[in-house]
Amino acid sequence: MSLKKLKTYDYKIYVTGPFQAGKTTLIHTLDPDAISVERDMKEAYRGEKSTTTTGFDLGRVIWVRKEATHTGLIVPKKEYNRETSEYDGWITREIELRGVPGQLHFKFVRDTMRVNTDAVLMIVDASDPGMIGDASAILAETTASFGDIPMVAVANKQDRDDAASPEDIGLWLGLPHVVGMCARNHESAKDALCLLLRKLEKNIPQQRQDTDTMMTHNF
Ligand SMILES: Nc1nc2c(ncn2[C@@H]2O[C@H](COP(=O)(O)OP(=O)(O)OP(=O)(O)O)[C@@H](O)[C@H]2O)c(=O)[nH]1
Ligand SMILES: [Mg+2]
């Protein structure tokens with residue numbers, strides 16, 4: 001079997017950002033069957049008892065659109081497989097969501113997860129200004145390792161009263177465009193991912209998109 005046939009997705013999205021930003025939450029909001037290698041935290045962080053990723057998150061979703069110009073929907077892969085006939089005639093792309101640990105000392109894990117990435121979602125906790133230094137470090141690591149790759153930066157936790165605006169997060173990180181999100185909310189998480197996917201497709205010539213789809217679905 002050729003390596004190409006082992007590829008089970010059309011696009012691989014690398015989800016990065018500092019400690020407790022909301023990466024694992026986003027992936028589980030979009031795919032309730034996502035798997036995560038994580039551990040309970042010994043102490044509550046900013047009043048919340050949480051887990052932290054020590055390995056990775058892996059989610060599988062399908063991006064479905066009636067027309068290429070539509071934003072479309074994000075459907076968990078298991079749900080899509082049960083209801084495939086509902087999407088007859090729709091444009092479908094299979095997406096692998098790969099989340100990485102945000103703790104800075106897990107850089108070696110983030111490095112091993114980069115292979116074959118098509119686009120990057122960078123998540124920052126907009127309600128935690130104390131993490132902006134770590135966010136800058138992760139952003140520098142990401143741009144240095146991926147170079148010119150489609151990326152969307154997200155100011156998460158916009159549901160909190162103490163969240164900074166996406167514009168402020170953009171100013172602090174030196175990024176021209178940052179979007180707001182609440183990773184616990186499906187519509188909001190979907191909008192952020194679809195923005196990235198549309199940016200990614202703009203970068204890929206139509207011919208390659210068609211060939212990739214044939215390769216992944218013809219077996
Ligand atoms: N209020 C609010 N809390 C959120 C949101 N997204 C995530 N959280 C909370 O933030 C905490 C950390 O979320 P995770 O998704 O585990 O963060 P992470 O980026 O995967 O963190 P690491 O694995 O430690 O790098 C958890 O308590 C989540 O419930 C959000 O949009 N709003
Ligand atoms: Mg995590």
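Predicted model: local features only at pLDDT ≥ 70, side-chain atom pairs only at ≥ 80, totals over all residues.
Trainee: What does the protein contain in helices and strands?
Mentor: The protein has 8 helices and 8 strands. It has 219 residues, of which 38% count as buried. Among contacts between residues at least 6 apart in sequence, 74% join residues at least 24 apart.

Trainee: Why is L139 called buried?
Mentor: A residue is buried if 20 or more other C-beta atoms lie within 10 Å of its own. L139 has 21 C-beta neighbours inside 10 Å, so L139 counts as buried. L139 lies in helix α5, residues 132-146.

Trainee: Which residues is L139 in contact with, leaving aside neighbours within four places in sequence?
Mentor: L139 is in contact with M122 and L173. As for A153, its C-alpha is 9.3 Å from that of L139, and the two residues are 14 apart in sequence.

Trainee: Why is R184 called partly exposed?
Mentor: The label partly exposed falls between the cut-offs of 20 or more for buried and 12 or fewer for exposed. R184 has 15 other C-beta atoms within 10 Å, so R184 is partly exposed. R184 lies in the loop between β8 (178-180) and α7 (186-203).

Trainee: What does R184 touch, not counting residues up to four places away in sequence?
Mentor: R184 touches T25 and T29. R184 and G22 are 162 residues apart in sequence, yet their C-alpha atoms are 8.5 Å apart in space.

Trainee: At what angle do α2 and α7 pack?
Mentor: The two helices pack at an angle of about 100°, and their axes are 9 Å apart.

Trainee: Why is α2 called roughly perpendicular to α7?
Mentor: Angles of 65 to 115 degrees count as roughly perpendicular. The angle of about 100° falls in that range, so α2 is roughly perpendicular to α7. On the α2 side the contact is made by L26, T29 and L30, and on the α7 side by H186, A189, K190 and L193. The residues of this contact divide into 4 nonpolar, 2 polar and 1 charged.

Trainee: How many residues surround ligand 1, and which are the closest?
Mentor: Ligand 1 is surrounded by 22 residues, and the closest are G22, T24, T25, T53 and G102. The elements that give two or more residues to this shell are α2 and β3 (51-65). The shell divides into 5 nonpolar, 11 polar and 6 charged residues.

Trainee: What makes β1 and β5 a pair?
Mentor: Two strands pair if there are at least two bridges between them. β1 is joined to β5 (residues 91-99) by 5 bridges, and the two strands run parallel. One of the bridge partners is E96 in β5, which goes with K12.

Trainee: In which sense do β1 and β6 pair, and over how many bridges?
Mentor: β1 pairs with β6 (residues 119-125) in the parallel sense, over 4 bridges. V120 in β6 stands opposite Y14.

Notes:
Residues numbered from 1 in each chain as written. Chains lettered and ligands numbered in written order. Contact = placed C-beta atoms within 7 Å. Near = placed C-beta within 6 Å. Nonpolar A, V, L, I, M, F, W, Y, C, P; charged D, E, K, R; others polar. Axes fitted to C-alpha atoms, helices over the stretch in contact; angles between N-to-C directions. Parallel < 35°, antiparallel > 145°, perpendicular 65-115°, else oblique.
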